[in-house]
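The sequence and the model come first, and my entries follow.

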Amino acid sequence: MTVVLTSRADLTLEAYERVAWQGEGVRLAPEAVARIAEARERFEALLDDPSLTVYGVTSGYGDRARVRLDAEQRRAQAARGPGWLRLAFGEPLPERVGRGIVLARLSSVVAGYAAVRPLVAEAVAAMLDGPLPPVPSRGHGGSGEIVALGHLFGGLEGLGLAEKETIALVNGSPCAAALAADAALAGRRRLARAEEVLALSAEAIAAPPEAYAEELEAIWDDEHETAALRRLRELLAGGAPERRAYQAPVAYRILPRVTGQARRALAEAERAASVSLRAVGDNPAFVPETGRVLSNGSYHNSQAPAALDGLAGCWADLCRLAERHVQFLVHDVVGAGGAERPPAHMLAVAFAEEAEAHAQRTALPPGGPGQNDVASPAFLAWEREEAAAGALAACLAVLAALSSLVLEREGSSGTPALTPLVERVRSCVPASAFPAAGDGIGALAAAFAASAVGES
């Protein structure tokens with residue numbers, strides 16, 4: 001199937017999932033192509049005005065913004081293309097993220113704000129029909145995203161790029177939009193997995209159900225905590241009839257409040273991603289409605305890093321809960337009565353601390369001298385969120401394996417809703433693997449991480 005873009009409104013989180021995760025192509029609707037052509041024609045007419053300064057078009061780039069170019073110099077600057085910005089190195093971004101960046105780049109293009117020719121617009125869309133150039137994930141300390149976009153769009157130099165087209169490809173914030181969208185989509189699955197595993201632990205200790213009671217919905221009066229309460233009740237329905245006669249530890253009773261906060265952070269990430277995908281990320285931006293060219297801060301997305309930080313913080317909190325559950329299971333359940341205690345808590349502590357180390361607010365980084373004096377934090381925030389998410393997958397694997405062990409000793413496969421998870425856990429970490437279950441837990445953690453991004 002193909003996603004057809006008629007306007008910026010078509011760049012939704014659903015469209016992102018179809019293009020970036022499911023590999024669908026993109027086609028520009030005829031009315032979009034007509035709009036692009038008209039905007040380009042109107043923009044080119046502006047260049048005849050000797051009093052007009054358009055950054056990166058009638059002027060140089062960066063600190064050469066004060067240098068005015070004549071017609072020949074303008075054409076030479078544009079023809080240079082974006083390939084000279086291939087400065088980063090290291091492991092590439094996942095292919096799905098690269099595809100998402102290309103899609104997000106089309107928001108400015110389809111609305112005419114990029115002022116590129118239809119030839120360039122359709123070439124960008126056509127990039128999604130085949131493999132993309134690798135984009136290194138590290139080394140992006142610039143004021144915008146020009147290094148990443150230089151790697152991605154450098155191959156379009158063969159089109160014979162005209163004035164503004166090079167800067168329209170590399171200036172803006174499509175990377176931040178794609179990183180936020182990718183994290184939001186993966187976050188849905190990560191949170192769902194966390195709720196399942198934490199509920200499995202609650203079933204393993206036969207936690208009293210009143211901590212998740214329906215009456216709490218009205219008492220707390222919060223949509224996200226209400227959703228969390230309902231999900232926990234669904235997961236625990238049909239569990240062991242005999243429950244603890246006294247309250248469970250705090251780490252079990254606060255489950256709906258902590259997972260409710262994670263749902264709140266996820267909702268904000270989805271909102272930030274949705275806004276960012278359809279926002280015009282172009283500098284300078286040609287506004288067809290007014291005919292003005294605006295030098296602006298579209299290359300700096302502040303919403304995406306904040307949303308990514310919010311997710312990273314929630315992953316760290318969920319890691320801490322998982323680690324507390326592991327400690328309780330090891331010492332008060334598995335090790336009750338002097339039985340051997342598998343050292344699973346050692347793993348949980350390590351990964352919980354790792355998540356906390358990455359769950360730090362991403363402040364504005366300094367940039368270079370002169371014009372580019374503040375750097376974009378989007379890639380830094382994404383790296384931290386990804387690292388915290390990886391630690392969460394590992395913590396959940398430890399807790400799931402230990403909870404499965406407890407239930408197996410009781411002859412149980414968990415509640416009906418949790419039985420598929422238990423079967424998957426036991427395929428990686430059978431009871432016989434304990435106490436030396438590291439390899440199996442590692443395989444389970446890898447499976448959890450992969451399933452979050454739709455890879456298994």
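I take contact to mean heavy atoms within 4.5 Å. I worked from a predicted model, in which local features need pLDDT of at least 70 and side-chain atom pairs count only at pLDDT 80 or more, while totals for chains, interfaces and linings use all residues. Residues are numbered from 1 along each chain as its sequence is written, and side-chain values use heavy atoms, with hydrogens and water left out.

Entry 1: Leu229.
I located Leu229 in helix H10; helices (H or I, at least four residues) and strands (E, at least two) are DSSP runs, numbered from the N terminus. Leaving aside residues up to four places away in sequence, I found that Leu229 touches Ala211, Tyr212, Ala213, Leu216, Glu217, Trp220 and Pro256. I record Leu229 as buried, because its relative accessibility is 0% (buried is under 20% relative accessible area, exposed over 50%, partly exposed in between, with a 1.4 Å probe and protein chains only). I also looked up Ala186, which lies 43 residues from Leu229 along the chain; their C-alpha atoms are separated by 22 Å.

Entry 2: H10 and H12.
Two packed helices are described by the angle between their axes and the distance between the axes. I take axes as lines fitted to C-alpha atoms, for helices over the stretch in contact, with angles from 0 to 180 degrees between N-to-C directions. The axes of H10 (residues 223-236) and H12 (residues 255-278) come within 7 Å and cross at roughly 125°. H10 is therefore oblique to H12 (under 35 degrees is roughly parallel, over 145 roughly antiparallel, 65 to 115 roughly perpendicular and the rest oblique). I note the crossing of H10 and H12 as right-handed, that is, the near helix is turned clockwise from the far one by less than a right angle, anticlockwise being left-handed. On the H10 side the contact includes His224, Glu225 and Leu229, and on the H12 side it includes Pro256, Arg263 and Ala267. The residues of this contact divide into seven nonpolar, three polar and five charged (Ala, Val, Leu, Ile, Met, Phe, Trp, Tyr, Cys and Pro count as nonpolar, Asp, Glu, Lys and Arg as charged, and the others, Gly among them, as polar).

Entry 3: H1 and H4.
I found helix H1 (residues 13-21) packed on helix H4 (residues 95-110) at about 130°, with axes 8 Å apart. H1 and H4 are therefore oblique to each other, and their crossing is right-handed. Ala15, Tyr16, Val19, Ala20 and Trp21 of H1 meet Arg96, Val97, Arg99, Gly100 and Leu103 of H4. I sorted these residues into seven nonpolar, one polar and two charged.

Entry 4: aromatic pairs.
How many aromatic pairs does the structure hold? I found two; rings of Phe, Tyr and Trp (its six-membered ring) pair if their centres lie within 6.5 Å, with planes under 30 degrees apart stacked, over 60 edge-to-face and the rest tilted. Phe43 and Phe286 are edge-to-face, 5.8 Å centre to centre with 65° between the planes. Phe43 lies in helix H2 (residues 30-46) and Phe286 in strand E3 (residues 285-287), so this pair ties together parts 243 residues apart in sequence. Phe43 counts as buried at 0% relative accessibility, and Phe286 is buried with a relative accessible area of 0%. Tyr252 and Phe328 also form an edge-to-face pair, 6.0 Å centre to centre with 70° between the planes. Both Tyr252 and Phe328 are buried.
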